[in-house]
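Good morning, and thank you for coming. I would like to take a few minutes to walk through one protein model with you.

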Amino acid sequence: MVTTPQPTRPANVIYPDSDGNPMAENTRQFRSIVVIKENLEILFDDDPNVFIAGDLLWYPMEGNNKRRQAPDAMVVFGRPKGVPEASPQENRGSYKQWEEGNIPPQVVFEILSPGNRLKEMVKKQQFYDRYGVEEYYIFDPDRFDFHGSIRNQTGSLELIEQAENWTSPRLGIRFELIEEQFTIYRPDGQRFLTPTELAKLAEQQRLEAQQQRLEAQQQRQEAEQQRQEAQQQRLEAEQQRQEAEQQRQRAELAETRLRELEARLQQLEGDRSLLLGFHPTFVGWVKRG
């Protein structure tokens with residue numbers, strides 16, 4: 001049964017931001033925590049109202065600083081993200097549920113270490129069950145063992161059968177455990193990547209983007225060259241058109257002059273005929289001859 005904390009607003013209660021325990025006991029546990037937490041951050045990066053934290057103390061009840069847990073990773077839907085430049089509430093040192101609209105984390109992850117004891121894990125299970133966690137997942141990276149619990153219709157966390165091939169209703173991610181290989185897949189089918197793989201992927205994407213920019217620049221240069229060549233062809237065509245027009249005009253002028261000359265010759269022939277037929281002096285000379 002879920003316990004809904006009732007605010008009592010006691011005075012002078014201090015809620016520490018640390019319980020003094022290390023985040024992880026070995027590199028394998030730490031790597032698993034980081035992979036889950038960081039990939040969840042990436043998955044919900046565009047949603048401002050999904051808060052994700054790792055190893056953050058969660059206080060469910062105001063006035064009780066002893067009742068608390070620090071899940072290795074937790075997801076809270078309906079609460080703003082924590083960013084350094086934000087308000088003190090958004091840059092949280094701990095998750096005080098009464099300051100968060102009384103919304104508990106809906107999804108919690110625990111990564112086991114060699115130091116974890118059964119009694120401790122039972123207490124955590126009871127805590128998450130009591131205070132409203134909807135999905136609770138436990139992974140043991142040393143034994144490659146994975147279990148999950150989900151809140152059932154009666155309001156209690158119930159063990160998931162075949163959790164090694166399970167899709168989270170809240171997160172949409174799929175867990176797969178095959179032959180000592182634990183893999184988490186995003187809703188788009190891409191697997192969760194390690195920080196090193198994420199860095200290499202980012203570098204690869206950067207190089208691909210740079211290559212695309214270079215190719216786009218080359219295409220622009222080729223298009224500009226083609227534009228200039230087309231402009232040059234238009235100028236040459238215009239020049240040829242003007243030269244053809246000039247030749248046509250010269251031909252028309254020459255033809256006009258030729259017609260004028262022919263007309264002038266015809267006129268001269270006519271004048272000569274008149275002179276031969278009617279000029280008196282010339283006629284008399286012709287007769288005397």
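I shall begin with the chain as a whole, then turn to the sheet and its helices, and finish with the nonpolar cores.

Please bear in mind throughout that this is a predicted model. The protein chain has 289 residues, and 30% of them count as buried. Its secondary structure consists of four helices and 11 strands. The accessible surface is about 19200 Å², with carbon and sulfur atoms accounting for 49% of that area. As for the contacts between residues at least 6 apart in sequence, 59% join residues that are at least 24 apart.

Six strands form an open sheet in the order 1-3-5-6-7-8, and their pairing is mixed. Which strands lie at the edges? They are strand 1, residues 50-53, and strand 8, residues 157-159, each of which pairs on one side only. On average, neighbouring strands of this sheet are turned by 15° against each other, ignoring direction.

Within the sheet, I would draw your attention to strand 5, residues 107-111, and strand 6, residues 135-140. These two run parallel and are paired over five bridges. As a point of reference on your screens, E110 stands opposite I138 in strand 6.

Two helices deserve mention here. Helix 1, residues 27-43, packs on the sheet and touches strand 1, strand 3, strand 5 and strand 6. The direction of helix 1 makes about 160° with that of strand 5. Helix 2, residues 118-130, lies across strand 5, strand 6, strand 7 and strand 8. Helix 2 runs at about 160° to strand 6.

The largest nonpolar core comprises 25 residues, of which L40, V75, F109, F146, L171, I173 and F175 touch the most other members. Several elements supply at least two residues each to this core, including helix 1, strand 3, strand 5, strand 10 and strand 11. Which element gives the most to this core? It is helix 1, with four residues.

Leaving aside residues up to four places away in sequence, I173 touches L40, L43, F109, W166, T167, S168, I184, Y185, R186, P187 and F192.

Thank you for your attention; I would be glad to take questions.

Key:
Residues numbered from 1 in each chain as written. Predicted model: local features only at pLDDT ≥ 70, side-chain atom pairs only at ≥ 80, totals over all residues. Heavy atoms only, no water. Buried < 20%, exposed > 50% of the residue type's maximum accessible area, 1.4 Å probe, protein only. Contact = heavy atoms within 4.5 Å. Areas by Shrake-Rupley, 256 points an atom, 1.4 Å probe, with all protein chains shown as cover. Pairing = 2+ DSSP bridges. Axes fitted to C-alpha atoms, helices over the stretch in contact; angles between N-to-C directions. Core = buried A, V, L, I, M, F, W, Y, C linked by side-chain atoms within 4.5 Å.
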